[in-house]
Amino acid sequence: MLRRLRFAVAIALALLATSALAQASWEPVQSLIKITVSHHDQYRIFDKMGMSIVDVRANYVKALATAEQLAQVQAMGFSVEIILKDYTREFEEKGYPPIGITGTQNWTFYHSYAQVRDTLKAIALRHPTICQVESLGLSVQGNKVIWGLRISDNVNVRENEPRFRIVGNQHGNEHIGCEPPMYMATILADSYGVSTRLTQIVDNYETMIIPMANPDGATANTRSNANGVDLNRDNGYMWLGDGNSPSFFSQPENKALKADADAHAYAISLAYHSGAYYVNYLWNYTPVLTQDDAFLKQISVGYDTWVHYDTTNGWAWYQTNGDIDDVSYGLYGDFDTTIELYGNGYNPPTDSILSICQHNKESILYQIRKCSTGIHGVVTDINNSRPIQALIRPYPLSRGQDWLLYSSKENGDYHRPVLNGTYSLKLSANGYRDTVVSNIVVPDTVNPVVRNVQMTPGGNYAANRVVAVRQDDNAAQTNTTLTPWVLGMPDTKSYAMGPSGRIILDMGQGTEIVDGTGPDVRVTEYPNASHAVQCSVSNSWTGPWISLGSGNGTCTFDFAGRISLARYVLLRSGASGYSLDAVEALNHATGVEQGPPGSVPYVLSLTSYPNPFRIRTTISLSCPAGSTGHPCSLSIYDISGRLVRILSPHASRLTPYEYVWDGRDSQGTSLPGGVYFYRLASPQYTATEKVVLIR
Ligand SMILES: [Zn+2]
């Protein structure tokens with residue numbers, strides 16, 4: 001008896017181990033079910049029960065349900081059809097080859113994680129001048145990378161070109177979502193110099209392809225990542241905590257995408273999903289339409305020309321909070337649209353992968369070309385032509401005028417697709433006066449207009465970027481104020497935070513708030529009221545946060561020695577809300593711009609170790625092998641931008657070189673503890689990094 005039981009257990013374990021898709025521990029067994037409903041909005045019943053909604057129509061809802069949830073739905077009297085008994089075993093239930101099992105031809109199988117990695121690397125090896133493989137970060141399990149392939153002519157140089165992004169497979173079980181991105185990566189790269197129209201795309205645009213944004217989930221065939229979090233509910237724009245997300249941008253996979261989006265100012269993006277047929281455009285969290293609704297409809301209908309999926313506004317389909325489209329548009333002004341590729345389960349039979357990729361290819365090329373319509377230009381300093389990373393919004397700000405975008409840090413270039421019409425823009429940047437550019441006429445929906453802008457130095461120091469925002473569900477649905485209104489200096493335009501709202505704002509790299517004389521930060525409420533607001537600050541948007549206390553209405557806060565420098569401000573509203581107009585730095589760092597050295601040509605890294613340091617730190621600079629030397633200077637500045645020490649007035653050696661800084665100024669005097677900047681400058685480039693001296 002005992003022997004037989006042991007034998008049975010051994011067989012069961014062996015079966016479990018050899019199954020290509022053993023049930024992941026982070027998700028219970030779920031069935032894909034179709035529930036007959038009498039009204040579209042009945043999906044909210046199942047949403048509230050914690051089920052993952054997959055598709056909503058007038059007379060049915062598709063959702064993922066555990067056995068308990070299924071029993072509950074049936075007990076409520078709904079008629080239910082089970083489409084897939086165990087959605088992670090879709091391939092087995094439908095008799096498809098498992099993921100990663102290659103056929104004899106390309107595009108007849110679903111790529112595994114290892115195949116995505118190896119294929120992207122092989123593409124980059126074939127086309128090193130136009131393709132660059134980028135590691136954006138690690139998954140929860142820590143053994144898989146979120147890979148991106150960047151495709152552009154001169155791919156190592158940030159050029160004045162519009163940027164386009166494709167993200168696939170955020171939901172791990174939606175494997176078809178990985179395939180059009182993989183197909184585009186292959187086609188774009190391999191057609192360079194062969195196809196005239198694809199060569200033009202590579203030459204004139206920068207395309208970033210991230211085929212597998214949830215590699216742990218894709219490997220285990222689960223919707224969520226290895227923490228059991230739905231990555232497409234975890235983003236920090238109007239976040240609500242859906243999909244088991246404990247906090248905004250809580251998951252490493254989303255932090256990786258966020259860091260890339262922060263750095264690249266994408267004009268248009270696409271995200272690939274499955275479970276329905278749809279081209280799904282903004283917003284998803286609110287029924288209030290964006291000002292760009294007509295443009296979004298145009299590019300969505302345009303996309304649909306080749307695929308015939310049908311188009312829908314996200315909210316009208318079903319409400320989601322914390323999804324990738326809303327965060328892309330809300331924080332960066334990126335027109336991000338979700339494409340739902342397949343409606344009969346999640347993954348089509350493998351013999352239809354190729355035709356799905358081919359149909360979506362034309363739609364993707366259409367949207368890439370849309371990036372170069374509308375208004376384009378370069379923003380620079382009027383005195384020294386240095387590029388400025390400026391916040392760009394419509395002018396005048398008024399209800400419905402809710403969009404924003406940023407020019408790039410490296411070139412100051414900006415790219416804003418819009419419909420034809422006449423536009424005025426307001427540009428804001430810390431250390432510069434606001435600049436209004438009026439009467440920009442966009443002639444049609446094909447030809448772009450170029451408007452370069454010069455900005456004049458001046459005294460504005462205010463939050464210029466929203467990092468993350470949470471709003472109460474009911475408030476979010478009726479609130480017509482939007483977050484671009486909290487940015488820049490006070491302007492009598494405000495964003496209603498709603499009860500128990502939260503917002504994290506970025507004061508900008510190099511223009512952080514510092515502990516100075518008197519109050520250090522001012523929070524302005526408009527219309528002038530006396531609502532309560534709590535203020536905390538940090539040097540990292542993930543905290544830890546130093547509380548500066550709370551105030552009422554327009555109020556100021558003092559660092560009072562609790563922290564010397566802070567880039568991020570976290571505000572919390574109370575039960576009666578807060579109408580946030582602006583957050584200003586009354587004492588601020590100035591004069592030194594900071595940039596990621598990786599974005600600077602010739603310089604591979606500019607680092608210091610240790611950092612923070614007490615006695616001495618070694619600053620290392622390394623250049624790519626084979627690059628020619630440029631004379632350059634390495635200097636130290638204090639937090640106010642004052643030059644305190646020149647380490648090397650004329651360094652021309654290369655690969656690598658190191659300088660030791662002992663925390664002393666040019667007179668040999670020990671400097672006080674605090675933040676310092678070391679800056680490498682040559683006629684070709686500058687790079688600046690931060691180092692902290694502890695006394
Ligand atoms: Zn999905």
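Student: What should I know before reading the numbers?
Tutor: This is a predicted model, in which local features need pLDDT of at least 70, side-chain atom pairs count only at pLDDT 80 or more, and totals for chains, interfaces and linings use all residues. Residues are numbered from 1 along each chain as its sequence is written.

Student: How are H5 and H6 oriented: roughly parallel, roughly antiparallel, roughly perpendicular or oblique?
Tutor: Helices (H or I, at least four residues) and strands (E, at least two) are DSSP runs, numbered from the N terminus. The axes of H5 (residues 113–126) and H6 (residues 179–190) come within 10 Å and cross at roughly 15 degrees. Angles under 35 degrees count as roughly parallel, over 145 as roughly antiparallel, 65 to 115 as roughly perpendicular and the rest as oblique. Therefore H5 and H6 are roughly parallel.

Student: Which residues of H6 meet H5?
Tutor: Contact here requires C-beta atoms, placed from the backbone, within 7 Å. H5 contributes Val-116, Thr-119, Leu-120, Ile-123 and Arg-126. Their counterparts in H6 are Met-182, Ala-185, Thr-186 and Ala-189.

Student: How do the residues of the contact of H5 with H6 divide?
Tutor: Ala, Val, Leu, Ile, Met, Phe, Trp, Tyr, Cys and Pro count as nonpolar, Asp, Glu, Lys and Arg as charged, and the others, Gly among them, as polar. The division for H5 with H6 is 6 nonpolar, 2 polar and 1 charged.

Student: Which residue in E19 is the bridge partner of Tyr-423?
Tutor: Two strands pair if DSSP finds at least two bridges between them. E18 (residues 421–428) and E19 (residues 435–442) pair antiparallel over 6 bridges. In E19, the partner of Tyr-423 is Ile-440.

Student: What is the bridge partner of Arg-522 in E32?
Tutor: E26 (residues 521–525) and E32 (residues 579–585) pair antiparallel over 5 bridges. Arg-522 has as its partner in E32 the residue Glu-584.

Student: What is omega for the cis peptide bond of Tyr-526 and Pro-527?
Tutor: Most residues other than glycine have a negative phi, and most peptide bonds are trans. Pro-527 sits in the loop between E26 and E27 (532–538). The cis bond joining Tyr-526 to Pro-527 has an omega of about -5 degrees.

Student: What is omega for the cis bond from Asn-611 to Pro-612?
Tutor: Pro-612 lies in the loop between E33 (605–609) and E34 (617–622). For the cis bond from Asn-611, omega is near 5 degrees.

Student: Is His-308 buried or exposed?
Tutor: His-308 is in the loop between H10 (293–307) and E12 (311–313), and its phi is positive, near 55 degrees. A residue is buried if 20 or more other C-beta atoms, placed from the backbone, lie within 10 Å of its own, exposed if 12 or fewer, and partly exposed in between. His-308 has 9 C-beta neighbours inside 10 Å, so His-308 counts as exposed.

Definitions and conventions:
Axes fitted to C-alpha atoms, helices over the stretch in contact; angles between N-to-C directions. Contact = placed C-beta atoms within 7 Å.
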